[in-house]
Each structure stands twice: as C-alpha cells, then as structure tokens.
Amino acid sequence: MNFYIIIPAHNEEIYIKQTLVSLATQTLLPKQVVVVNDNSTDNTQRLVEGFTTKYNWISLVNTVSSDKHLPGSKIINAFYKGYETLDSDYDVICKFDADLIFPENYLEELAKHFQENDKLGMASGFCFIEENNEWILENLTRKDHIRGALKAYRKNCFLEIGKLKPSMGWDTVDELLAKFYNWEILTDDNLHVKHLKPTGKSYNKASKYLQGEAMYRMRYGFLITLISAIKLAYKKRSFRLFKDYMSGFFKAKQNKIEPLVTEEQGIFIRKLRWNGMLGKLK
C-alpha cells in the first residue's frame, strides 16, 4: 500500500528532524514524503535538505506566503504546493504536521485498517502531549474525530470529498463530507503519536473569529453554532472565546461568505450534528 505524505512546515527546526526520523524508521516506509517549507526564517530548509540527500523518497518544496499563522488557509495552501509535485500513484495520502513523532508501526497499522475495510475513508492514531515529564492524551482528542495534525485519506475518499478546503474548519468538514459520501472513519487508540507542539500554540490574534466563520461556512446554523461555541469556550475556560466565535459567525453571515458545502450537504451535516448532541443526552 503506497503512502504519500505531505508536511507543511513553517519555522519547525526544533521539531521536524524528529518527525522525519520517525517516518524514516517505519516498518512500512512511505513511498513519498514532501516537506513544504513555507516561508521559514530558521534552519528548517537546511535540516530537510539533509534528509533529501539521504532518502530519495523525501523531497523539499520551498514556498513563500504570509508570516501570519492563520489556521486553515495557510497550512492547506502549503499542502497543495506539495500535492502539485506528486503523481497519482498513491493508495493513501496524508497531511501530517511537522511536530509529530510516530510509533515505528504507525503506517503499517494504518495500512492494515485500510486493507481490512474497503469503506474506510480516513484513519489515524491519537495525539499525546508532554506534561510534567509524562505523555498524556491531548484534551482535544476524541474517538470520533481525526485531528488535523495527522490526517490519512484513502485516495477515493480524498477525491470524492473534493480534497481539502483552504479554510478554518477544513479538518472537520472533510470528515462530515466523508460521512455524507458513506465513508467510515477510524481512530486507533493503540497508536500513540507524540505531539511536540500543542494545538493552537502559534495561532495569532487575527484568527480569533475564524472558528465562528467556519461554523457558518459548514452551514451549522445559529443553534448548533451557539451550542458548539459554548462547548468549545468551556473546554478552553474562556468566555471571550465564546464571544469571538459568535462574532465570527455573525460577521460571516452579514458578509454572505461562501459556504464550504452545498445546501444538501448542509442538511445532512445539521442532522448529523443534532443526532450526535442528542445521543450524548441519552
């Protein structure tokens, strides 16, 4: 089973060596790994070049974009810079972050999952972060959601969902669309991936309204957005975040920003969200 991996990287000199070493020591090696060096001002490029000379299946693409770390668009635009360099001879395509350490059997186990279930569209392990010298489950992790840091897509699923959306919420709408097209999603809690830089650590202030905007663009509607904003703000212990999320939703509505999904897909997504929320009350 051929794995193609794309890794967007912006100033990741502290972490990326560990990520690439963990991929180079897999029991099932990837067929291609493309690191997209996105406007780095540190030694990211030089470190990756060291790997490209040692491994002919690792390549480097240099691109220049904004210095601002806006979640969604920056990362996915970089992803496509790497994707454009690849052929279509893959079975699974992955978008991985540049700050992960994978267990050595990671790709082999994902391959088994994909081979055992033809309807499996996406799969991953679980992210763990280090606190007080212990690796603990990152609090954003859920059994029914694959983190944006470690996405792996079966080729047909990836193409059917329209690939990845260059927007905040890309790593939620991909799963919603996968379900819309009757693909299954799997998370394997036996695969512990070390996440060296906790999610959102480098996001800037300009991104604060984007979560609410994403909920509008996924056609959540007001009530689901309200409930989701309350839950997210509570999880992060911040009432200000709740206000930012709702402001983002109303700004997007006022400006009539184009949705990421069709009306039919929106109906499906709202039904899925309501069923999920009501199911937790039982």
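Trainee: Which residue stands opposite Ile129 in β7?

Mentor: Pairing is read from bridges, for two strands pair if DSSP finds at least two bridges between them, and the strands themselves (E, at least two residues), like the helices (H or I, at least four), are DSSP runs numbered from the N terminus. In this structure Ile129 stands opposite Ile136 in β7, and the strands β6 and β7 pair in the antiparallel sense over four bridges. The model is a predicted one, in which local features need pLDDT of at least 70 and side-chain atom pairs count only at pLDDT 80 or more, while totals for chains, interfaces and linings use all residues. Residues are numbered from 1 along each chain as its sequence is written, and side-chain values use heavy atoms, with hydrogens and water left out.

Trainee: What phi does Asn132 take in the hairpin of β6 and β7?

Mentor: Most residues other than glycine have a negative phi. In this hairpin, which has two residues between the strands, Asn132 takes a positive phi near 50°.

Trainee: Where are Asn39 and Lys163 found, and how is the accessibility of each to be read?

Mentor: A residue is called buried under 20% relative accessible area, exposed over 50%, and partly exposed in between, with a 1.4 Å probe and protein chains only. Asn39 is found in the loop between β2 and α2, and at 17% relative accessibility Asn39 counts as buried. Lys163 has its place in the loop between α5 (155-160) and α6 (170-180), and at 29% Lys163 counts as partly exposed. For an exposed residue, turn to Glu134 in strand β7 (residues 134-137), whose relative accessible area is 52%.

Trainee: In which sense do strands β2 and β3 pair, and what is the handedness of the crossover from β2 to β3?

Mentor: Strand β2 (residues 32-38) and strand β3 (residues 58-63) pair in the parallel sense over six bridges, with Val35 opposite Leu60 in β3. The chain crosses from β2 through helix α2 (residues 44-54) to β3, and this β-α-β crossover is right-handed; the term applies if, with the strands pointing away from the viewer, the path from the first strand over the helix to the second runs clockwise.

Trainee: Why do the buried residues of α2 line one face of the helix?

Mentor: An α-helix has 3.6 residues a turn, so residues three or four places apart point the same way. In α2, Thr44, Val48 and Phe51 are buried. Seen down the axis of α2, its buried residues fall within an arc of 55°, so they line one face of the helix, where the arc is that of the directions from the helix axis to the C-beta atoms. The face turned away from the buried side of α2 carries the exposed residues Arg46, Thr53 and Lys54.

Trainee: Which elements do the buried residues of α2 pack against, and which those of α4?

Mentor: Packing is read from contacts, where contact means heavy atoms within 4.5 Å. The buried residues of α2 pack against β1 (3-9), α1 (16-24), β2 and β3. In helix α4 (residues 106-116) the buried residues include Tyr106, Leu110 and Phe114, and the buried residues of α4 pack against β1, β4 (92-96), β6 (120-131), β8 (150-154) and β9 (184-195).

Trainee: Which residues is Met218 in contact with, leaving aside its neighbours within four places in sequence?

Mentor: Met218 is found in the loop between α7 (210-217) and α8 (222-235), and at 2% relative accessibility Met218 counts as buried. With those neighbours left aside, Met218 is in contact with Gly169, Thr172, Val173, Leu176, Leu260, Val261 and Ile269. The C-alpha atoms of Met218 and Trp170, 48 residues apart along the chain, are separated by 9.5 Å.

Trainee: How many disulfides does the count come to?

Mentor: A disulfide is a pair of cysteine sulfur atoms within 2.5 Å, and by this rule the count is zero. The sulfur of Cys94 is 12 Å from the closest cysteine sulfur, in Cys157, which is too far for a bond. Cys94 counts as buried at 1% relative accessibility, and Cys157 counts as buried at 0%.
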